Amino acid sequence: MKHKLFCSILAFCLILSVSSAVYAADETGALAIYDDTNTFVQYVNTFDEANELIKEYEQFRNYTIVLQDDVSTELKTQNYGTVACGIDLLCNLDLNGHALTINGNVTGTLLMVSGINVSNKGTVISNGTIILTFTAPSPTSQGSITLPQFTAGILLSNDECAIKNVSVLTQSTDTVIDAIVYGDGAPSDTSEETAPNSIDNVSINVTGNAFKFQEAIKGDTKIVINSGSFRGLDSTSLPTNLTINEESKSIADLTDVTEGTTVITSTNTTAIIVD
């Protein structure tokens with residue numbers, strides 16, 4: 001009798017374990033994580049969950065977060081309320097043809113505001129749309145400085161990063177948001193040679209500047225534009241450390257694009273034209 005009871009319990013446990021395995025295999029989430037060999041790791045639902053997971057791995061900077069659907073995330077304050085950020089991006093981000101919306105409303109005296117903070121060398125953001133709908137305080141004089149120092153869609157604070165096949169736009173916000181803010185990079189006294197950040201087939205249409213150089217604390221980040229469509233960029237007066245690839249062609253004042261938009265084309269990519 002005891003033997004039959006034990007067998008019945010064991011069989012039931014086996015059924016449960018098989019059912020659990022099947023469920024795990026079918027589990028999905030808003031974000032999929034792939035390792036540095038492009039092997040699937042796990043589904044998660046938020047960028048905070050993704051960061052907690054990948055930090056356990058030595059090569060996490062080479063991992064990739066892949067959107068499985070359109071995703072929204074909130075701007076939130078950090079560092080005792082001195083800065084606001086939507087996503088601390090620790091690895092590559094593949095939008096996978098989807099839209100990433102960063103919304104929310106932050107107030108108070110802030111040093112800086114960024115939708116996405118890119119701090120690791122060699123990070124790639126690709127293949128989709130970034131929509132900035134968040135609101136933040138307008139810059140005001142605070143003694144000898146103006147705060148916030150900047151409000152950025154993407155903050156690039158390292159070298160050899162790439163943004164490609166991406167649209168960055170503001171929507172339903174009166175906040176002046178600069179699409180890409182850059183400045184800090186590798187320390188200026190390093191002997192390591194670093195390549196500039198690259199912009200390929202990128203469309204920018206925001207309430208502020210397409211690019212803004214922020215005075216560096218460490219080394220100076222550099223950006224090279226290969227191709228794209230950039231509202232708020234004057235190709236005849238580029239910000240510090242921003243250059244246009246010498247093999248690319250800059251075209252301004254086109255009749256079929258938004259006023260103030262500069263289109264840059266290259267032989268390898270086709271620029272996105274903003275309606």
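In helix 2 (residues 47-54), the buried residues are Phe-47, Ala-50, Asn-51, Leu-53 and Ile-54; buried means under 20% relative accessible area with a 1.4 Å probe, protein chains only. Helices are DSSP runs of H or I with at least four residues, strands are E runs of at least two, and both are numbered from the N terminus. Seen down the axis of helix 2, its buried residues fall within an arc of 165°, so they line one face of the helix; the arc is taken from the directions from the helix axis to the C-beta atoms.

A word on the model: it is predicted, with local features needing pLDDT of at least 70 and side-chain atom pairs pLDDT 80 or more, while totals for chains, interfaces and linings use all residues. Residues are numbered from 1 along each chain as its sequence is written, and side-chain values use heavy atoms, without hydrogens and water.

Now to the rings. The structure holds 5 aromatic pairs, counted when ring centres of Phe, Tyr or Trp (its six-membered ring) lie within 6.5 Å; planes under 30 degrees apart are stacked, over 60 edge-to-face and the rest tilted. One of them is edge-to-face, joining Tyr-182 and Phe-213.

| Feature of the pair Tyr-182 and Phe-213 | Value |
|---|---|
| Centre to centre | 5.5 Å |
| Between the planes | 65° |

Tyr-182 belongs to strand 15 (residues 178-182) and Phe-213 to strand 18 (residues 211-213), so the pair ties together parts 31 residues apart in sequence. Both Tyr-182 and Phe-213 are buried. Ring pairs also link Tyr-34, Phe-40 and Tyr-43 into a cluster.

Terms used. Buried < 20%, exposed > 50% of the residue type's maximum accessible area, 1.4 Å probe, protein only.
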